[in-house]
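Biologist: Could you show me how to read a few features of a model, giving the general idea and then the case at hand?

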Amino acid sequence: MNKKIYLLLGIASLMLLCGCGNTNAAVTYKLVETHPVGGRQGICTEGGNYWVSGSGKLEKYDSNWKLIAENTDPFAGYSLEVNHIGDIDVYNNELYLGVEYFMDGEGKNIQVAVYDGDTLKLKKVFPFRADTGQLECSGIAVDPDSGTVYMSSWIDDESSEYLYMYDLDTGDYKGKLKMQSAPKWIQGVAYHEGKLYVTCDDGNADDNAPDHMYRIDISENRETGQISPEKVFDDVIRQGEIEGLSFCRESGRLLLLYNRGARIIAGMPSGFYEGYEEEIHEVFVYDITEGE
């Protein structure tokens, strides 16, 4: 069974399970701004600044989206071979990255890494637990309320049905959260007001089918999370590849990183769609309105 069929079945199953369409009717996401950036993987924000990750670089932007710092050699200082950064997060001016060696749809040497938010240089690495079953890291999220760092996996197998948890203060492994009816091809993860959110590359750019965001309601024992469809991204400029996401703690806005123009095969750019000579990376900013 090919990827497209898997994706259609997965989305249909989620819609039936939740008894709703593929958006949360109680919440409205209104697109208000779009900003071109230089990275294709992740986005996070804190204190009026924005950070963007590429597969092999980090960028910092000010409140006007002006580039003010850049690190094009972010893998200096590692003892294991790494070549890829996924979605990122920030807490107290420290960047949290899931770093790995990624090639042809497979990952290894996965590590939670912490970088300085100003210099964009590596500060420390959490000891990785190789026996957890995690085979790839597509995104990372900081939950300061429970002191947890979550890591997601993009690979379409049993390992991607979990979010892997590390202690925010000590870096110790805390276990894994099982997603009930886990979505496919997770690209980013974020924490916001007691819930987790994931973006999934479950659309198809060839057919102009959009990607999605899902909400995870965490169980009281933090061992499971119930998946619900949250938003269909049918309002981007052109369908392409969804990436990381972030919720601004100050404004409550949603930030989404989206790529367009490149054909993606096994998770890696391979040629371009008609009319494009390069891949374009953009951050879409949404106002969020809660219903009654």
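Modeller: Let us begin with aromatic rings, where ring pairs link Tyr 50, Tyr 61 and Trp 65 into a cluster. Rings of Phe, Tyr and Trp (its six-membered ring) pair if their centres lie within 6.5 Å, and planes under 30 degrees apart count as stacked, over 60 as edge-to-face and the rest as tilted. This is a predicted model, in which local features need pLDDT of at least 70 and side-chain atom pairs count only at pLDDT 80 or more, while totals for chains, interfaces and linings use all residues. Residues are numbered from 1 along each chain as its sequence is written, and side-chain values use heavy atoms, with hydrogens and water left out.

Biologist: How many aromatic pairs does the rule give, and what kind of pair do Phe 102 and Trp 154 form?

Modeller: A pair of aromatic rings is described by the distance of the centres and the angle of the planes. The count comes to 10 aromatic pairs. For Phe 102 and Trp 154 the centres are 6.1 Å apart and the planes stand at 75 degrees, so this pair is edge-to-face. Phe 102 belongs to strand S7, whereas Trp 154 sits in the loop between strand S11 (148–152) and strand S12 (162–167), so the pair ties together parts that are 52 residues apart in sequence. Strands here are DSSP runs (E, at least two residues), numbered from the N terminus. Phe 102 is buried at 7% relative accessibility and Trp 154 is buried at 8%, where buried means under 20% relative accessible area, exposed over 50% and partly exposed in between (1.4 Å probe, protein chains only). The rings of Tyr 166 and Tyr 173, with centres 5.4 Å apart and planes at 65 degrees, also form an edge-to-face pair.

Biologist: In what order do the strands of the open sheet of 4 strands stand, and which strands are at its edges?

Modeller: Two strands pair if DSSP finds at least two bridges between them. The order in this open sheet is S6-S7-S8-S9, with antiparallel pairing. Strand S6 (84–91) and strand S9 (122–125) are at the edges with a single partner strand each, so one side of each has no neighbour in the sheet. Strand S7 (residues 94–103) is joined to S8 by 9 bridges, and Leu 95 has Tyr 115 in S8 as its bridge partner.

Biologist: Where is Gln 111 placed, and is Gln 111 buried or exposed?

Modeller: Gln 111 lies in strand S8 (residues 106–116) and is buried, with a relative accessible area of 7%. Leaving aside residues up to four places away in sequence, Gln 111 touches several residues, including Tyr 78, Leu 97, Val 125 and Met 151, contact meaning heavy atoms within 4.5 Å.
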